[in-house]
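Hi everyone, thanks for making time today. I'd like to walk you through one structure, so let me put it up on the screen.

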Amino acid sequence: MGLFNSPKKLKKIPSDLVSYIQIETEAIRDSNDKMMISSYCLSKLDTVNWYLELLETGSEKYIVPQSKAHLEMVRDQLMECHKNIMSVKIARPGERPVLDIKYPKGYEG
């Protein structure tokens, strides 16, 4: 009977999560990229907030593998990441040049 009542250990929030989101934010090229990374960021933010809620309520059903201070730091970083994602401006397809060649500085070709 005791086996079924043991608390479930939750997955750790990866230490490279914020870095991954920041790198993907820099690689946003279109609205699809923006939506994908925004959704991913918000889902991770929901998870962090849920972990924090479990710690605050003292849940005996789950074991949160990280401290409240660490989770609060990750939450703040994720909120900043989402703000940065939403500030990325995307050029509409009709406004982009057909050929956008990047010449080296000083090239007068």
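Let me start with a question: does C41 count as buried or exposed? With a relative accessibility of 0%, C41 counts as buried. Before going on, please keep in mind that this is a predicted model.

Staying with the cysteines, C81 is buried as well, at 3% relative accessibility. So what about a bond between them? The sulfur of C81 has its closest cysteine sulfur in C41, at 5.5 Å, and that is too far for a bond. The cut-off for a disulfide is 2.5 Å between the sulfur atoms. C41 is in no disulfide, and searching the whole structure turns up 0 disulfides.

C81 also takes us to the helices, as it is one of the residues in the contact between α1 and α3. Helix α1 covers residues 17-26 and helix α3 covers residues 68-87; they pack at an angle of about 5°, and their axes are 10 Å apart. Angles under 35 degrees count as roughly parallel, and α1 and α3 are therefore roughly parallel to each other. On the α1 side, the contact is made by L17, V18, I21, Q22 and T25. On the α3 side, you can find Q77, L78, C81, N84 and I85. By type, the residues of this contact are 6 nonpolar, 4 polar and no charged.

Now for the rings. How many aromatic pairs does the structure hold? There are 3, and I'll show you two of them.

One is Y20 with Y40, an edge-to-face pair with 5.6 Å from centre to centre and 80° between the planes. Y20 sits in helix α1 and Y40 in helix α2, residues 31-57, so this pair ties together parts that are 20 residues apart in sequence. Y20 counts as partly exposed at 41% relative accessibility, and Y40 is partly exposed too, at 30%.

Another is W50 with Y62. Their ring centres are 5.2 Å apart and their planes stand at 70°, so this pair is edge-to-face. Here the link runs from helix α2, where W50 lies, to strand β2 at residues 62-63, which holds Y62; the two residues are 12 apart. W50 has a relative accessible area of 35%, so it counts as partly exposed. Y62, at 23%, is also partly exposed.

Which residues form one aromatic cluster? W50, Y51 and Y62 do.

That's my tour, and I'm happy to go back to any view.

Key. Residues numbered from 1 in each chain as written. Predicted model: local features only at pLDDT ≥ 70, side-chain atom pairs only at ≥ 80, totals over all residues. Heavy atoms only, no water. Axes fitted to C-alpha atoms, helices over the stretch in contact; angles between N-to-C directions. Helix = DSSP H or I, 4+ residues; strand = E, 2+ residues; numbered from the N terminus. Parallel < 35°, antiparallel > 145°, perpendicular 65-115°, else oblique. Contact = heavy atoms within 4.5 Å. Nonpolar A, V, L, I, M, F, W, Y, C, P; charged D, E, K, R; others polar. Phe/Tyr/Trp six-rings, centres within 6.5 Å; stacked < 30°, edge-to-face > 60°. Buried < 20%, exposed > 50% of the residue type's maximum accessible area, 1.4 Å probe, protein only.
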